[in-house]
Every structure is written in structure tokens, then in C-alpha cells.
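Morning, everyone. I have one structure to go through today, and I will keep to what can be pointed at on the screen.

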Amino acid sequence: MSGLRGTVSALALVLVIAAVEPAVAARSPTAGDADAALDRALQALVRTRGGPSGAISIVQRGGEVAVHAAGAARRGAAGPPRANDHMKIASVAKAFSGGAALALVQRGVLGLDQTIGQRLPDLPTAWHAVTLRELLNHTSGLPEFLDSPEAQKAINASPGKAPPPRRLLAFVEDEPLRFPPGSEYRYSNSDNVAVGLMVQAATGRSYERELRALVLAPLGLNRTSLPRGPGLPRPFMHGYAPDQPRAPEDVSTLLAGDWPWASGGIVSTPADLNRFFRGYLGGRLFGPAVRAQQRRFVPGGSEPTGPGANAAGLALFRYSTSCGVVYGHTGNTLGYTQFAAASRDGSRSATLSITAQLTPGNAPTVYRKVRRTEELAVCAALAR
């Protein structure tokens, strides 16, 4: 089930804090030209051999919202993906768990320098010095639970039913940290599982309940949830596993959302995903002091790599593109590839949702087109 998490980039980097905007030689295409270029890229993507059956991008400039779509929401059926079609958002869910944790930091219920030992003392003693901050920017050193052979066996044996969230980390509880906390960047799904557990420990309530109270309800995300089991609400975009030369397999409802849980189990829609990042960047979940902490970036890329040059903040990535800088997250899981981002103040935003899991490892040629399409969506969002 390595497709669940994609290819982990092994990065051993000196962590250099960069709180200022990078210098980007941005160009500003006109809105009409940028929109047309995005439409052409979407059409080319779904027509590419090994590409997805459908793709949809929502671009919002202030109050102006445009939906760009190509292909089909289900293979063999008429009609492109729609803004209110449900889908699995994969690792973009890490921004949601980050939003819940940072909202609690805003309220003084959690602290960025609080440790696993303080909040989750039942986890391995070797992990106790890891802080919430290090979990949120993937500098914790926690071993990746999806790399565990035992976890892979369990997922293959029961893809539609997962164990309780604490059990996810039990797959690697006998392993040491990969590196001393804070010394390196390495993307890990274990980090956000631990974040979700810290939210529960701090509040005494389930992560799902706190996600609704702290993130979904304040932003009006009525079509977003963290479900149990593998199902998707209707209508939904059908997701496929590329399996050339055979026809792609529909894997939309194969994997239970509680396997990735707080690291990737959320179901949403393109419209809700766009609304989330506008509120997340726009200060509707936490105030300026917490946002300043969130936007202290270290070298590191999202998984899969997003458009332009990537850098990692707290449950947020900075993407420095040819058209300017945006902040967001990428993700992929069985059947879906996702990208969503917004400008620094949340006033301009772009999403791209694709009905296939495409990575640099399983489809390098197609994924180059995906990254280019992401960048064109950013250019459309920032166009004047």
C-alpha cells in the first residue's frame, strides 16, 4: 500500500529559518490569458496517456470565482467534475489538523513548545522531547508508520476498516527517532497522527469533534468531514489507480479514511477546499501572533512536490512560483491528487483536484504536467 503515501523525499538539510518572503521574479499575466492557459492545460492533462479521467480547478480572485474543469467525474460517463463533488483530499488534511492545533494554541489550550511527553506520555519515551512545533513542520524525527511492514500487511488485509488512531503509531513504537528533533526536515504521516492525538489529549474530546468545532464550523465547510470507513457521500468524483496497460481501477471507496486519519482522511469538495484555504490564510482560525509562528519556514517540500520552490512552515507550505508566492498544501492517496493554496491574506486562491493518484514515482511524465497545471492555477489566481 505504498501508494497511500507516495514517495517520501529523504532530505538531510540544515534548518535555516526564513520568515521573510523570497525574492521571486513574478510575472503578471492578464486574468483572461491566465484563465485560458489553465483551461488548455487541464484539457491536455486529461488527454495525456496515463493521465486522469477528470480534473477540476477553482480559481478565486477576491469575490470572483471561476470553475475550470475537464474530462469526466466518472470514466465512461458524461460531465466533468463539479465544485460540490466529494473527494478524498489526502495529505491536504494535514493543513486541517494544523488548523485545529493552532486554533488551540491561539486559545492557550496547547503550546507550540509543549512536548509529546507532556501531552502523550504513553507514547515511547524516546519520542517525549518532540514538540508540537516540530510535528507541524515535519522536523520531529518520528518514524513513518506507513513504512512499517506490519502496517502495510494490516492495510492490505483490511483496507476498509482501520484500528483506533493510537494504534497507528503502535506500528512503529519500538523504532527510534530518525534524527534528533529539530535537526532535519522529513515529511511524515506519523507527525499529524500525533498532532491529532495531542488535540484530543488537550481537550478531552475526540479529534473529529474538535475539527468540526475549531475548523469546519467557523469556516462554513458543510460538505467536509472525517468519516469512518471507506465510503464517500454522493455526488463524488471517482478516483482511479493507474494500471497501464489495463484500464484504471476505480478505488474511490477502497480505503477507509481512518487509516490516514488526521494525516489524510478528510473528505471534502473543491468548493470547500477553496473556502478552507482562504480562511486558513486569511486569519479566521487564529490571530497574527500564531500566524507569524506558522510562517517561519524551513527548507522542505510537500508530498508530492508542489509548484515552484517549496518551503515548510507549520502545517503549511510556501510555493514560490513564476507568477508569485502562495501558501498551501499538496496530497495524494488512492485515486486522488490534490493541490490547494492561497495568497498571504487569503484573498486569492486556487485548487486543483485530479481523479488519479499521480506521483513523480508512478507517473513522472504526467506529474510534470500536473505541477505545470498547478502553477498555471496559481498564475490565474494572482492575475490582474
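**Sheet, cores and rings**

Start with helix 11, residues 364-382, which lies across strand 1, strand 9, strand 10 (324-333), strand 11 and strand 12. Against strand 12, helix 11 runs at about 155 degrees. Before going on, please keep in mind that this is a predicted model.

In what order do the strands of the open sheet come? The order is 2-1-12-11-10-9-8-7, which is 8 strands with antiparallel pairing. At the edges are strand 2 (64-71) and strand 7 (298-299), and each of these pairs on one side only. Helix 1, residues 31-47, also packs on the sheet, where it touches strand 1 (54-61), strand 2 and strand 12. The direction of helix 1 makes about 25 degrees with that of strand 2.

For a closer look at one pairing, take strand 11 and strand 12, the latter being residues 348-354. These two are antiparallel and are joined over 6 bridges.

Next, the nonpolar cores. The largest has 79 residues. Which of its members touch the most others? They are Phe96, Leu110, Leu132, Val215, Phe276, Phe277 and Tyr280. Helix 2 gives the most to this core, with 9 residues. Apart from this core lies another, of 36 residues, including Tyr185, Val366, Val370 and Ala380.

Phe276 deserves a slide of its own. Is Phe276 buried or exposed? Its relative accessible area is 0%, and under 20% counts as buried, so Phe276 is buried. Setting aside neighbours within four places in sequence, Phe276 is in contact with Ala95, Phe96, Val215, Leu219, Leu221 and Leu285. Phe96 is buried too, at 0% relative accessibility.

That brings us to aromatic pairs, of which there are 9.

Tyr319 is in strand 9 (residues 317-321) and Phe339 in strand 11 (residues 336-342), 20 residues apart. Tyr319 is buried, at 0% relative accessible area, and Phe339 is buried at 0% as well.

The charged end of Arg167 sits over the ring of Phe171, 4.5 Å from its centre. Likewise, the charged end of Arg75 sits over the ring of Tyr240, 6.0 Å from the centre.

Last, a residue in a loop. Where is Ser188? Ser188 is in the loop between helix 6 (165-170) and helix 7 (189-203). Its relative accessibility is 1%, so Ser188 counts as buried. Leaving out residues up to four places away in sequence, Ser188 touches Lys94, His138, Leu142, Pro143, Glu144 and Arg178.

That is the end of my slides.

Terms used
Residues are numbered from 1 along each chain as its sequence is written. This is a predicted model: local features need pLDDT of at least 70, side-chain atom pairs count only at pLDDT 80 or more; totals for chains, interfaces and linings use all residues. Side-chain values use heavy atoms; hydrogens and water are left out. Helices (H or I, at least four residues) and strands (E, at least two) are DSSP runs, numbered from the N terminus. Buried means under 20% relative accessible area, exposed over 50%, partly exposed in between (1.4 Å probe, protein chains only). Contact means heavy atoms within 4.5 Å. Rings of Phe, Tyr and Trp (its six-membered ring) pair if their centres lie within 6.5 Å; planes under 30 degrees apart count as stacked, over 60 as edge-to-face and the rest as tilted. A charge sits over a ring if NZ of Lys or CZ of Arg is within 6 Å of the ring centre and within 35 degrees of the ring normal. A nonpolar core is a set of buried Ala, Val, Leu, Ile, Met, Phe, Trp, Tyr and Cys residues joined through side-chain atoms within 4.5 Å. Two strands pair if DSSP finds at least two bridges between them. Axes are lines fitted to C-alpha atoms, for helices over the stretch in contact, and angles run from 0 to 180 degrees between N-to-C directions.
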